[in-house]
Structures are given as C-alpha cells and as structure tokens.
Amino acid sequence: MRQSRDAMGKFFPRTWEDVLAVTKPDHPHNTAWRQVGSYFEMAYGFARHGVVNPDFLAESTAEGCSCSPRCSRSCSSTAPKCRVGVSNAEWLVANSAAAKQRFELFQKRVRTMIETADALQARTTARATGSPPRDR
C-alpha cells in the first residue's frame, strides 16, 4: 500500500484521457490506482453508511480526498465521468465540514504541485532544445 500511495502521490492527470489511461490494466500505475482508490472508497463508505462519524474519518484519513481534485481538475467538462471511483469521497466532502476543508487544501496543493511540475518540465525541455522557456 505504501508503494501504491507513493505512486498515486505522483500522479497528476491533466486530461480525461490521462485518468482513463490509468484505469486500463496495462498502465504501469493501474494496480496502484485500484488499490488506493478502492481502499479510500471503502473507508469513506463506512461514513456514508453510518458506521463511523464522517468528520472523525476525514480528520484522520483525508488523503483519499486528493483523488477527487486530481480527477475533477482534469475533467471539469466531463464531471459525471469523474465520479466513477470517487463517489464516497464526494459524499464525504459534501457531508463533512472537516472533509470539505481538507478537500479545499488538497485542491490548492494539487494545483501547486501541477504548476511546479509543468514549470520544471518547461525548463527541462527548454534546456534540451536550447530555446527559452515559455511564460505561462
């Protein structure tokens, strides 16, 4: 699980196609995607079905909420498609003040990490091609 969490911590889809690709069995991170996603969906299902208090769960296991902003950022025009595999996480965010707060923090963190990765890629590409990096 730690290796899967590490792999998903580095997964930043930019398009719906990126999300769709990781769901295919031949993708190198498919196993990690399924393991991490199903674990948190199961955990958040406990809150959805009244087994555990939603705020308590969000305070101690909000990491799973990071899947939703990653996907929703990639698929804002295809939001229904993005609900696949994150419905309990979405429920938790909608029904827990603690989860909503954590989700918003994760959204900012994910946005910053993507911007940083994109800037690094632009600099790397510019060095490799000898052209100046483009301003974003």
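Analyst: The largest nonpolar core in this predicted model has 22 residues. Those with the most contacts inside this core are Met8, Phe11, Trp33, Tyr44, Ala58, Leu92 and Ala99. Six helices each supply at least two residues of the core: H1 (2-9), H2 (16-22), H3 (30-48), H4 (54-60), H7 (87-95) and H8 (97-129). The largest share, 7 residues, comes from H3. As a general background, nonpolar side chains in soluble globular proteins tend to be buried together.

H3 has 19 residues, and the distance from its first C-alpha to its last is 26 Å. That is close to the 27 Å expected at 1.5 Å a residue. The buried residues in H3 are Asn30, Ala32, Trp33, Val36, Phe40, Glu41, Ala43, Tyr44, Gly45 and Ala47. Two of them, Trp33 and Tyr44, are also listed among the core residues with the most contacts. Just after H3 comes Gly50, which takes a positive phi of about 80 degrees.

Val19 is found in helix H2. Val19 counts as buried because its relative accessible area is 4%, and the cut-off for buried is under 20%. Along the chain, Val19 and Trp33 are 14 residues apart, and their C-alpha atoms are separated by 9.9 Å.

Met1, Tyr39, Met42, Phe46 and Val51 form a nonpolar patch on the surface. Together these residues have about 480 Å² of accessible area. Met1 lies in the segment before H1. Its relative accessible area is 36%, so Met1 counts as partly exposed.

There is also a charged pair to note. The count of salt bridges comes to 1, and Asp6 and Lys10 form a salt bridge through their side chains, at 3.2 Å from N to O. Asp6 is partly exposed, because its relative accessibility is 44%. Lys10 has a relative accessibility of 58% and therefore counts as exposed.

Now the whole chain. The protein chain has 8 helices and 0 strands, and from the N terminus on its elements run α-α-α-α-α-α-α-α. Of its 136 residues, 38% count as buried. Among contacts with a separation of 6 or more, 66% are accounted for by residues 24 or more positions apart. The chain exposes about 8600 Å², and carbon and sulfur atoms supply 54% of that area.

To return to your request: the core draws at least two residues from each of H1, H2, H3, H4, H7 and H8, with H3 giving the largest share.

Technical notes:
Residues numbered from 1 in each chain as written. Predicted model: local features only at pLDDT ≥ 70, side-chain atom pairs only at ≥ 80, totals over all residues. Heavy atoms only, no water. Salt bridge = Lys/Arg side-chain N within 4 Å of Asp/Glu carboxyl O. Buried < 20%, exposed > 50% of the residue type's maximum accessible area, 1.4 Å probe, protein only. Core = buried A, V, L, I, M, F, W, Y, C linked by side-chain atoms within 4.5 Å. Helix = DSSP H or I, 4+ residues; strand = E, 2+ residues; numbered from the N terminus. Patch = residues over 30% accessible without salt bridge, like charges linked within 9 Å, V, L, I, M, F, W, Y side chains within 5 Å. Areas by Shrake-Rupley, 256 points an atom, 1.4 Å probe, with all protein chains shown as cover. Expected span 1.5 Å × (residues − 1). Contact = heavy atoms within 4.5 Å.
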